Amino acid sequence: MRIRINDILDEVSAYIPDADTRMIEKAYVFSARIHQGQTRLSGEPYLNHPLMVAWMIAKMQLDTASIAAGLLHDTVEDSLTTVDDIKNEFGEEISALVDGLTKISKIHFKSKEEEQAENFRKMLLAMNKDLRVLLIKLADRLHNMRTLEFHSVAAQQRIAKETLDIYAPLASRLGIYIIKTELEGLSFKYLNSETYTKLKAGLDTKAKEKEALLKDMMNLVVTELEKVGLKGKVISRIKDVYSVYRKLNSQNIDFENVYDILGIRIILNTVEECYKALGVIHAMWKPIQFRFKDYIAMPKQNMYQSLHTTVIIPQGERIEVQIRTQEMDNIANEGIAAHWRYKEKGKVDKEDEKTFAWLRQLLEWQTELKDPKEFLQSVKVDLYPDEVYVFTPQGDVMRLPKGSTPLDFAYSVHTGLGHQCMGAKVNGQIVPLKYTLKSGDVIEILKSAKQHPSKDWLRIAKTTRAKNKIRAWIIAQEREQSITLGRELVEKTLKSSHSPALQKTLKELNLDKLAASFSLKNKDELFAAVGFGKISTHQIIHKIIPDEVKDEPKKEPEKKLASGGITVKGIEDLLVKFGRCCRPLPGDEVVGFISRGKGITVHRVGCAYVSDMDQQRLIPVEWDTSIAETHEIEFSVSCDDKPGMLGSITAVIGAQNVNISKTSTQSLADGSSRCVFRVLVKNLQELSLLFSKLQGLKGIYGIERSQTF
């Protein structure tokens, strides 16, 4: 599709008849000059991209400043143009939007994941100032996804995964289902092209087969509605490919058993008419129990409102019927963009503030969670809007993520209530803290001043808020205990020493200076480090004794072999074991976790359990490559479900002299197979070589190393 500036101006004039389009035209001329001579990977002029982004923004019916910013969004990144230049030419409002959209390019991060997290932090901060930044960003990402075919396979996978993890859920949170659905479909297409093609073909065939049936249904619905005085619009709909894929996987069924692929949507004028139409539909066809959802009385957090019911028609088909008003339909498709059009002059009221409470939460986390990986994981978990609606004993409705427990409910009410939670009553019955809340539950929290959080709660809690509060309490308590323990260990060491140079009390020592020698801020940090086991009393003694009284000055060893091929800088004779949660291999980037009295547990960097650990007790560790040991790991292979496939895979494994200790296979709903292998390998290099050989087999879709088994 080729868009010209006149197309954009015509679109704007259609919904803002008196719009001053001179700023849009000026932005177009400026962008054309900046991008002159630049081309995209497809070979087309680069200017086509900002034109397409501006067109999408106009289709969302945003204001002229947003459209101008869409035309200018890449000018600062791709040229010597500065934000101040934009401000001088176009004013404060447009320059602020462009600044919010400009990527971080001059800051260097430790890893791609950290860079992604920091870019996302900046986007959140920009969103806090003006949500139009995100709407423009979504238009930008959608057009980039539409032209992803011109990128390398590696870039396609990376961009598609980022889109599926972050941008599609954000579009969903803002209620922009048109963009959300297309982003999911395009991401799925590049992440799993073969399955996408099969499902798309199946959906197209199903739609063609049932075209006449749906037409008859819609005519019948119109007739029955008119009998009770209801006039509205009735349209057919078919489930999108990615939502079908998720259903196949979550319910472990095949395509033929997805019964609600087809559906119809009834659009009426008022809420009263919607409920009246629901009665008509249930009188026509038998509704399926537990398949009715009233999102009008209890809207989703992204403002989505509609009545959903699934019925069985005489032909035996299950059909989902959605009933809503025209305003609800506009908001369902366009979300916040349409929502603002129904507000006087785009004003945001108190109800809007409640609606976007999730955005404030994201902004709180971006300041609370300093580790980029932990922050990004929290964002991914909490962006997905599957929710349950529960009630306080006073009848107030509270939204919580699906899978939440009474512990999450308690912390969502108040941190103090969460800390003192000793149990809960659900619908008048006492339940355990790990009970999974269901929509409609009435929750009463039982508390005690003697109750305190424990590490077990981190496995029970599901929400980021609850986990953060629990973790913060545990870290604070363990820090106090470690300071006390560290002080006692240092005092005991000084008292038991036979060296005159060490016959000192803590009062005689300049503890802050001693702490500074370990690059620590103060004595409390020093004692905490000793208590945690990060600094040994041997190192303390080494710092205290003056050089002139040392009998035989010895350089402290940089490394000391601990166990299992792992070395730990500055710490001697520690027991080392490997985390069963992630099964690290020599060559993996690893980190150690200090357990009091139990030595060090080695985990892979990025292990899910590491993010729940006390970050102060993590310690750098390294592999000793001089030691060769075999390690048991597990991986899964997605492949064609056909005779001989398993034999071909095991033959490749055997040819690499890798021993198999266990194997299993499972046929999947999409016609593929999942083979799981447990093998013994020496290091990451040997495993990578094996994966490379397996990837060369025909019929292999993907290989994934298991985190745990």
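An open sheet of four strands, in the order 19-20-18-21, is found in this predicted model, and its pairing is antiparallel. Strands (E, at least two residues) and helices (H or I, at least four) are DSSP runs numbered from the N terminus, and two strands pair if DSSP finds at least two bridges between them. Strands of a sheet pair through backbone hydrogen bonds, either parallel or antiparallel. Strand 19 (659-667) and strand 21 (700-705) stand at the edges with a single partner strand each, so one side of each has no neighbour in the sheet. Direction ignored, neighbouring strands of this sheet are turned by 20 degrees against each other on average. Strand 18 and strand 21 run antiparallel and are joined by five bridges; the bridge partner of Val637 in strand 21 is Ile703. Helix 28 packs on the sheet, where it touches strand 18, strand 20 (672-681) and strand 21, and its direction makes about 165 degrees with that of strand 21. Contact here means heavy atoms within 4.5 Å, while axes are lines fitted to C-alpha atoms, for helices over the stretch in contact, with angles running from 0 to 180 degrees between N-to-C directions.

Residues are numbered from 1 along each chain as its sequence is written. Local features of the predicted model need pLDDT of at least 70 and side-chain atom pairs count only at pLDDT 80 or more, whereas totals for chains, interfaces and linings use all residues; side-chain values use heavy atoms, with hydrogens and water left out.

Aromatic rings were examined next. Rings of Phe, Tyr and Trp (its six-membered ring) pair if their centres lie within 6.5 Å, and planes under 30 degrees apart count as stacked, over 60 as edge-to-face and the rest as tilted. By this rule the count comes to 10 aromatic pairs. One of them joins Phe188 and Tyr196 edge-to-face, at 5.9 Å centre to centre and 80 degrees between the planes. Phe188 is buried at 3% relative accessibility, and Tyr196 is buried with a relative accessible area of 16%; buried means under 20% relative accessible area, exposed over 50%, and partly exposed in between (1.4 Å probe, protein chains only). The pair of Phe635 and Phe691 is edge-to-face because the ring centres are 5.0 Å apart and the planes stand at 70 degrees. Phe635 lies in strand 18 (residues 631-640) and Phe691 in helix 28 (residues 684-695), so this pair ties together parts that are 56 residues apart in sequence. Phe635 has a relative accessible area of 0% and is therefore buried, and Phe691 is also buried, at 17% relative accessibility.

Lys26 lies over the face of Phe90, 5.3 Å from the ring centre. The charged end of Arg33 sits over the ring of Phe30, at 4.9 Å from its centre.

Strand 5 (residues 307-312) is mostly covered, with five of its six residues buried. Strand 3 (residues 286-287) pairs with strand 5 in the antiparallel sense over two bridges, and Lys286 stands opposite Ile312. Strand 4 (residues 293-294) likewise pairs with strand 5 in the antiparallel sense over two bridges, with Leu307 as the bridge partner of Asp294. Six bridges connect strand 5 with strand 6 (residues 318-325), again antiparallel, and Ile312 has Arg318 as its bridge partner in strand 6. Five residues lie between the strands in the hairpin of strand 5 and strand 6, where Gly316 takes a positive phi near 90 degrees.

A nonpolar core is a set of buried Ala, Val, Leu, Ile, Met, Phe, Trp, Tyr and Cys residues joined through side-chain atoms within 4.5 Å. The largest such core has 57 residues, of which Ile8, Ile67 and Leu138 touch the most other members. Apart from this core lies another, of 41 residues, including Tyr196, Leu203, Leu230 and Leu307.

Ser31, in helix 2 (residues 22-34), has a relative accessible area of 0% and is buried. Neighbours within four places in sequence aside, Ser31 is in contact with Leu47, Pro50, Leu71, Leu72 and Thr75. Leu142, in helix 8 (residues 132-146), is buried with a relative accessible area of 4%. The C-alpha atoms of Leu142 and Lys180 are separated by 9.2 Å, although these residues are 38 residues apart along the chain.

Definitions and conventions. Lys NZ or Arg CZ within 6 Å of the ring centre and 35° of its normal.
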